[in-house]
Amino acid sequence: MAKRDYYEVLGVAKTADEKDLKSAFRKLAMQFHPDRNPGDHEAEAKFKEINEAYDVLKDPQKRAAFDRFGHAAFENGGAGGPGFNGDFAQTMSDIFESFFGGDFGGGERRGRGGRERGADLRYNMEISLEEAYEGKHVEIRVPSTITCETCSGSGAKPGTSPQTCKTCGGQGRVRAMQGFFTIERTCPTCQGRGQVIVDPCAKCGGTGRTTTEKTLTVNIPAGIEDGTRIRLAGEGEAGMRGGPAGDLYIFIGIKPHAFFQRDGADIFCRVPVSMTTAALGGQFEVPTLAGEKTKVKVPDGTQTGKQFRLKGKGMPVMRSTAQGDMYIQVVVETPRNLTRRQRELLEEFEKSASGDTHPDSTGFFAKVKDFFDNLGS
């Protein structure tokens, strides 16, 4: 199958400058990167094609050769030949790393001497609204990896040490002629580490780390919100061969409460009151997240939806002395399952009621009557 034109692959014109090429490559590489399309062989093939095109067009000499001779310039060992495809995964990693300045998927980053940063870890923690109000210290157990104590993280058998790679001379990269060009690639012997381990540590198998379960104490600050992320630096997986450890990220989730709803630092609570309490006035008690009881006075004639503000009874603002408020919303409950006597009393009250007793409904139905009268005229 004939190869597509490299300019067509990147979706740029032949006059595209370095900035346009880089922008087009970045957009397509992010879209078709294998980490974002696991198991998608079509996306992997496109990612390979995109990198091959960019590898040629970003180099002035290769681009000039392609503009003049097309794909024929790289046949028999050229950039698109077997030498380019022999180590696809590593080649793609090298191109992506040099372009973006680091690792794409947030995984391990390799350094001199094979030192690789450990992976970051995630821990999901669910707490109650009361715990979020008060704050707490909690111990968690996290499966992770730590630096191997036997080899002190070097990966080499005690008494030995990693040796400089003879293939690359410790540089981690090798150069090879491909057609008219010199291509620099990651050393296949040491995988870019610059060192090889001749006698690996028996306990860790040369990785420099072992698996364990760590117990950590986490400080949950008062006022923490749902979805907050807490970072524990260096508590992730240990790095390869003595590399720095990753971080542990704790994601906080807050359980739904039986009758409180939260909005930032404010707390809301719907309280049903009897029709007589709403009509005649009265009071009731509500709990607060601090474990106290607070009295709320209800004036006579209170309607459904009326809110009462309890200043400073809400959530604390995290790492601050400020405090939110609590809002009590009244819901007037209509009586049900009435006795005969209760029904008689209500009917007697209804007969004696006037527009002053029910101003809202009286005014509403008066407007409805006017509306129909106007339709008939």
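**View 1. Strands S1 and S9 run parallel and are joined by 7 bridges.** Strand S9 covers residues 248-254, and within S9 the bridge partner of Glu126 is Gly253. Strands are DSSP runs of E with at least two residues, numbered from the N terminus, and two strands pair if DSSP finds at least two bridges between them. The model is predicted: local features need pLDDT of at least 70 and side-chain atom pairs pLDDT 80 or more, whereas totals for chains, interfaces and linings use all residues. Residues are numbered from 1 along each chain as its sequence is written, and side-chain values use heavy atoms, without hydrogens and water.

**View 2. An open sheet of 3 strands has the order S1-S9-S8 and mixed pairing.** Strand S1 (121-127) and strand S8 (229-232) are the edge strands, each pairing on one side only.

**View 3. Phe371 and Phe372 form an aromatic pair.** Rings of Phe, Tyr and Trp (its six-membered ring) pair if their centres lie within 6.5 Å; planes under 30 degrees apart count as stacked, over 60 as edge-to-face and the rest as tilted. By this rule there are 7 aromatic pairs. The ring centres of Phe371 and Phe372 are 5.6 Å apart and the planes stand at 70°, so this pair is edge-to-face. Ring pairs also link Tyr6, Tyr7 and Phe66 into a cluster.

**View 4. The charged end of Arg122 sits over the ring of Phe251.** The distance to the ring centre of Phe251 is 3.7 Å. Such a placement requires NZ of Lys or CZ of Arg within 6 Å of the ring centre and within 35 degrees of the ring normal. The charged end of Lys306 likewise sits over the ring of Phe308, 5.8 Å from its centre.

How values were computed. Helices (H or I, at least four residues) and strands (E, at least two) are DSSP runs, numbered from the N terminus.
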